[in-house]
Amino acid sequence: MDILGVIGDVLWILALSIMAGASRMAWSKISKGEPTPVAWSPKGDTLLRLPRGPALVLLPAGAFVISLYLLVESRQADELTMSIIMLGLRATLAAIFAVIHLTQVRRALNQLAQEGKIRL
């Protein structure tokens with residue numbers, strides 16, 4: 001059994017569950033069809049708004065697809081060095097996707113709250 005692969009799987013499962021939890025919490029606070037901010041300029045201006053569903057699901061879904069690709073690639077690593085590199089890559093990317101999603105959800109909720117568009 002490839003223990004490094006399993007550790008990478010666990011890290012991705014944790015990251016994806018964190019993203020799903022954040023999306024679920026935000027889903028209950030944002031009204032259906034509400035244009036939800038998903039991208040901002042460096043100055044803080046809103047660049048892109050999407051409906052609630054795509055805004056909360058696209059990043060976790062993309063992260064899931066990437067995790068599947070990395071899972072397959074990590075299982076094909078036959079040397080210890082490559083297995084360690086794949087674990088490092090998987091751990092880093094899982095954390096990056098989770099932090100990006102949490103930041104995006106927080107900024108969207110804060111902005112919608114300032115606009116008075118959050119359900120209590």
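Select His101 to begin: its relative accessible area is 0%, so this residue is buried, a term that stands for under 20% relative accessible area, against over 50% for exposed and partly exposed in between, with a 1.4 Å probe and protein chains only. The model is predicted, so local features need pLDDT of at least 70 and side-chain atom pairs count only at pLDDT 80 or more, while totals for chains, interfaces and linings use all residues. Residues are numbered from 1 along each chain as its sequence is written, and side-chain values use heavy atoms, with hydrogens and water left out.

Around His101, show Met19, Ala22, Ser23, Leu56, Leu59 and Pro60, which His101 touches when residues up to four places away in sequence are not counted; contact means heavy atoms within 4.5 Å.

Next, colour helix 3, residues 80-114, where His101 is found; helices are DSSP runs of H or I with at least four residues, numbered from the N terminus. Just after helix 3, Gly116 takes a positive phi of about 75 degrees.

Now select Trp12 and Phe97, whose ring centres are 6.1 Å apart with planes at 45 degrees, so the pair is tilted. Rings of Phe, Tyr and Trp (its six-membered ring) pair if their centres lie within 6.5 Å, and planes under 30 degrees apart count as stacked, over 60 as edge-to-face and the rest as tilted. Trp12 lies in helix 1 (residues 3-29) and Phe97 in helix 3, so the pair ties together parts that are 85 residues apart in sequence. Trp12 is buried at 2% relative accessible area, and Phe97 also counts as buried, at 16%.

Methods
Helix = DSSP H or I, 4+ residues; strand = E, 2+ residues; numbered from the N terminus.
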